[in-house]
Amino acid sequence: MNNKKHVIPKIKGLLHGADYNPEQWLDRPDILEKDIELMKQTQCNVMSVGIFSWSAIEPAEGEFQFEWLDKVLDNLLANDISVFLATPSGARPAWLSQRYPDVLRVNSSRVKQLHGERHNHCYSSPNYRKKVAIMNAKLAERYSQHPAVIGWHVSNEYGGDCHCDYCQEEFRLWLKNKYGSLENLNKLWWSAFWSHTYTSWEQIESPSPIGENSVHALKLDWKRFCTDRVSNFCEHEIAPLKRINPELPTTANFMEYFYDYNYWELAKSIDVVSWDSYPLWHRDNDEVALACYTGMYHDLMRTLKNQPFLLMESTPSQTNWQPITKLKKDGVHLLSSLQAIAHGSDSVQYFQWRKSRGSVEKFHGAVIDHVGHADTRTGREVTAVGEYLKQINDVAGTATKAEVAIIFDWENRWAMDDASGPRNEGMQYEQTVCDHYRGFWRQGINCDIIEQLCDFMPYKVIVAPMLYLIKPGVAERFEEFVKQGGTLIATYWSGIVDQNDLCFLGGFPGGANSPLRRTFGIWAEEIDSLYDHESVKFELENDSELGFSGEFNIKHLMEHIHLESAEAIAYYRENLFDGCPVITKNEFGNGVAYYIAARTDVEFNESFYSSIAEKYGISKPVENIPEGLSLTTREDEQSRYLFIMNFLNENRELECPLGDWVNACTGDEVKNNIVVAPYQVIVIKNNK
Ligand code: GLA
Ligand code: ZN
């Protein structure tokens, strides 16, 4: 018995492969044949096929050509290479746009787009929905029992919104359903402001660059609506696939903290989360900060379904769309790929298998360059990843256990960014979340990245940076979490508005008599914003219960707070709020709630969270981790894997971890301190 969760049930090991576009080479059977040989050479065992194949499958309306695809899939099968088969809705044939113009998206300026590009169809278009349903049913009928096919790659990187008449109508229906009456909508949208009261549903339009932008709740609802629209479209795509073979899992490839949709919602429409990761290695000469940021994205993708995810795309060498398209230094490709596995991925996949000869991605990195073979630096680096994955194949399906969760909440982010104040130059929500995350990442402590609707109870510590928007019931759930013994940490600019973007009355956080105010035991009176060049000092005194002391810096935002039942443990030491509390602690029920009233920096956060981990018994794989190393663990009932990654271009020495560890690749016992070479990754394993 073991508790592994194989998210792609047909596959019990790790996947390694790429997006494969054979439709570009149908007149070159020699190349298609060579591809298979090279896939084997580079240790690839999966290909994503058909992502942009609509024109090749349906060259004219209703005329389907599957023979080429049959051959491709059969060849892959004969060579033990599995397939994620795509639905091709990410890009469409010209005949479709020409014959059915309602498939074309209308932008926010109400201009209809011309045919071309990709990822730009209307999600409401009746004709697009009809054509996609036909296509997907045909694909499912023909291939969903094909032994090479292990899952559906649904569309590609869903993104954007459409402002056509169909979408406007759907938006109004969505609002009617949500608010019931115009009277209710006007009240909750605070539309008396600037005389924006609506007297008929037809007056309501999606946000645009001119007009209709002052009602914040409308803008927030539009974003929520767009998430519902894309989820609905995704489910429409999936319905024929599941009707024909309910067993075959579906995935859609996500993108980081993508702005357009709330991924917590979209993730519900699919079986497995996958994502496309393109970190800008070597840009800032600070791989450590970037590694931390990327680690946090991986953790989000894992937490979305609380199970392993897939790294659907990454570049084997360089992209062609970043401002400077840098190659990765030797070893960084393996390190970056293994980082995904370390944070819970069960695959390393690339965009793209073979470079196209023409068009927009002809210079995008690929496993196979225009030279046509894999005896290249990239070919060798890719092969090394494939070989490494084989050696740690047992990691597939293991879980990541986290005692700490950091909240990153989409609706909160949208509302805060749109708020007009207090810092229009940028609230830096994403970076702020990461600055807190880094305190744990630095210590090798696994973190889940959750939203405010997630269950809080599985965690010992929860950090909620700038949780400006609080949904109904969340304050009560925080209170309960702390009462039951949890440690909760919140910051300035928390509990300011409700789910309708209406400010709480009677004192922040949360308003008069709010469970938030009770839990934190403070009242936040006002917030000051600082220019980028400003900083303000605060001090933790010698007897600080956190076990460290000293002066630290505040940047960007600082709040003026008053103690109610909390005690202060750090104070402003200059400026407007000199002498007032900056960090407070409130013992509440069986737990503790800390409030950090100003934006602290990474240096402070690292000390603070190290103290928190110590005080509240958060387990760590190794006591002291040198700067530059990142450690994560994955486990099942029998084994535990420790990933040790060095993101610096210099050796690092790690103290020998306690317990009987062996190198997961070589089986050698780990008896001494571990020297980790520049950009090296080492995986060790112990049996429980
Ligand atoms: C995205 C797309 C791919 C490709 C890559 C290039 O992730 O999904 O089709 O364009 O970017 O990096
Ligand atoms: Zn539309």
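I note at the outset that the model is predicted.

I then looked up the strands around this pair. Strand β3 covers residues 82-86 and strand β4 covers residues 149-153. The two pair in the parallel sense, over four bridges.

Next I followed the whole sheet. Eight strands close into a barrel, and I recorded their order as β1-β2-β3-β4-β5-β6-β7-β8, with parallel pairing. Neighbouring strands of this sheet are turned against each other by 30 degrees on average, direction ignored.

I also examined a helix that packs on the sheet, namely α10, residues 287-305. Helix α10 touches β5 (250-254), β6 (272-276) and β7 (309-313). The direction of α10 makes about 160 degrees with that of β6.

I located H146 in the loop between α5 (126-143) and β4. Is H146 buried or exposed? Its relative accessibility is 11%, and because buried means under 20%, I count H146 as buried.

Which residues does H146 contact, leaving aside its neighbours within four places in sequence? I listed K10, L73, D74 and L77. With D74, the side chain of H146 forms a polar contact of 2.8 Å.

Finally, I checked H146 against E287, which lies 141 residues away along the chain. I noted a separation of 42 Å between their C-alpha atoms.

Methods
Residues are numbered from 1 along each chain as its sequence is written. Chains are lettered from A and ligands numbered from 1 in the order in which they are written. This is a predicted model: local features need pLDDT of at least 70, side-chain atom pairs count only at pLDDT 80 or more; totals for chains, interfaces and linings use all residues. Side-chain values use heavy atoms; hydrogens and water are left out. Two strands pair if DSSP finds at least two bridges between them. Axes are lines fitted to C-alpha atoms, for helices over the stretch in contact, and angles run from 0 to 180 degrees between N-to-C directions. Contact means heavy atoms within 4.5 Å. Buried means under 20% relative accessible area, exposed over 50%, partly exposed in between (1.4 Å probe, protein chains only). A polar contact is a pair of N or O atoms within 3.5 Å; within protein, one must be able to donate a hydrogen and the other to accept it, and residues adjacent in sequence count only if both atoms are side-chain atoms.
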